Amino acid sequence: MSPAADAATLTARRSTRLVAWVRAWRAGLVPFDELADEIAGDEEHLVADAPGTWTDVPLGQALPAFAKLHPDEIRLVLPAPGDPRGLPAKSELTGPAMLAGEAVTTPTFGVVPEVRRHTSGSGVEFETVLWRFYPVTDYRPVFQMGSAEAEAELTRALAEATTQLTRLDVAQWRPELAGALQALRRPESTATLPPGFDPRSRRLFARASILDQVLALAEHNAPGGAINGYEAQQRDAALRPLTTACRQALVAACNSPLHA
């Protein structure tokens with residue numbers, strides 16, 4: 001895999017891990033004691049406005065809020081400008097979720113991650129993740145693609161985007177993006193979700209998680225202005241369907257039915 005695609009795995013959307021691991025816990029497939037560490041990894045995660053709390057608390061202290069929920073009531077939502085699918089109407093959750101581009105929804109509350117950057121007294125920069133709870137009422141999950149359909153859509157969109165970017169000679173001004181997209185056409189590791197997810201969902205999640213971060217490379221012009229405004233528009237048009245397919249794939253994988 002290209003260095004760009006490999007590096008991309010370090011910054012996957014945080015809501016995907018929270019949804020996947022909390023759903024697996026509620027299905028009785030992983031112990032509660034593992035949740036906070038699996039979700040947070042090497043980061044510091046805090047929670048604001050969790051039920052029964054009066055101040056920011058460590059992630060592990062807020063996860064019991066999910067204890068009475070069925071796994072299928074815990075949903076990943078990845079909204080984008082013009083596409084708020086999955087978010088409850090007229091909710092405090094909607095604005096922050098749209099701004100973050102991700103959220104976790106349930107019938108009674110939603111959670112959105114916010115990345116906070118800090119600088120220590122010695123000048124060292126570090127980040128903390130703050131999950132904020134929002135009340136939700138009258139929420140009904142919307143229809144979503146299944147993993148099989150989402151995988152087919154992602155494969156088609158990736159092939160079309162690669163063809164378009166080759167025609168635009170993207171390798172000349174963004175070689176790491178072109179190489180990463182080519183690498184992603186090959187099967188990826190399936191060891192990225194907790195127990196309970198079927199092989200197709202695991203494969204789809206692994207592929208889409210990496211691609212989601214690779215696409216972030218396309219948001220920046222090549223050094224030295226090697227791409228002009230018209231070329232940038234062409235590039236964005238080529239990648240837009242792929243970006244949508246990638247979001248759909250992540251949602252389909254994380255919200256897929258669990259199996260003992």
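This is a predicted model: local features need pLDDT of at least 70, side-chain atom pairs count only at pLDDT 80 or more; totals for chains, interfaces and linings use all residues.
Asn 255 touches Val 19, Arg 23, Ile 74, Arg 75, Leu 76 and Gln 144, leaving aside residues up to four places away in sequence; a contact here means heavy atoms within 4.5 Å. Residue numbers start from 1 along each chain as its sequence is written, and side-chain values use heavy atoms, with hydrogens and water left out.

Asn 255 belongs to the segment after helix H10 (229-254). Its relative accessibility is 6%, so Asn 255 counts as buried. Accessibility classes were assigned with a 1.4 Å probe on protein chains only: buried is under 20% relative accessible area, exposed is over 50%, and partly exposed lies in between. The Asn 255 side chain reaches the backbone nitrogen of Leu 76 at 2.8 Å.

The protein chain contains ten helices and six strands. These are DSSP runs numbered from the N terminus (helices H or I, at least four residues; strands E, at least two). Of its 260 residues, 47% count as buried. Among contacts with a separation of 6 or more, 67% are between residues 24 or more positions apart.

The six strands form an open sheet in the order E2-E1-E6-E5-E4-E3, with mixed pairing. Strands E2 (57-58) and E3 (75-77) stand at the edges; each has a single partner strand, so one side of each is left without a neighbour in the sheet. Pairing requires at least two DSSP bridges between two strands. In general, strands of a sheet pair through backbone hydrogen bonds, either parallel or antiparallel. Both arrangements are found here. E1 and E6 run parallel and are joined by five bridges. In this pair, Val 47 is bridged to Trp 131 of E6. E5 (residues 109-119) and E6 (residues 125-135) run antiparallel, joined by eleven bridges. Val 115 has Val 129 of E6 as its bridge partner, and Thr 119 has Glu 125. E5 and E6 form a hairpin with five residues between them. In the turn, Gly 123 has a positive phi of about 90°.

A positive phi also occurs at Asp 49, at about 65°, although this residue is not a glycine. Most residues other than glycine have a negative phi. Asp 49 is placed in the loop between E1 and E2. Its relative accessibility is 47%, so Asp 49 counts as partly exposed.

Helix H2 (residues 14-26) lies across E1 (44-48), E3, E4 (103-105), E5 and E6. H2 runs at about 55° to E6. Axes are lines fitted to C-alpha atoms, for helices over the stretch in contact; angles run from 0 to 180 degrees between N-to-C directions.

Helices H6 (residues 147-167) and H9 (residues 199-214) pack at an angle of about 35°, their axes 10 Å apart. H6 contributes Ser 147, Ala 148, Ala 150, Glu 151, Leu 154, Thr 155 and Leu 158 to the contact. H9 contributes Arg 200, Ser 201, Arg 203, Leu 204, Arg 207, Ala 208 and Leu 211. The residues of this contact divide into seven nonpolar, three polar and four charged. Nonpolar covers Ala, Val, Leu, Ile, Met, Phe, Trp, Tyr, Cys and Pro; charged covers Asp, Glu, Lys and Arg; the others, Gly among them, are polar.

Definitions and conventions: A polar contact is a pair of N or O atoms within 3.5 Å; within protein, one must be able to donate a hydrogen and the other to accept it, and residues adjacent in sequence count only if both atoms are side-chain atoms.
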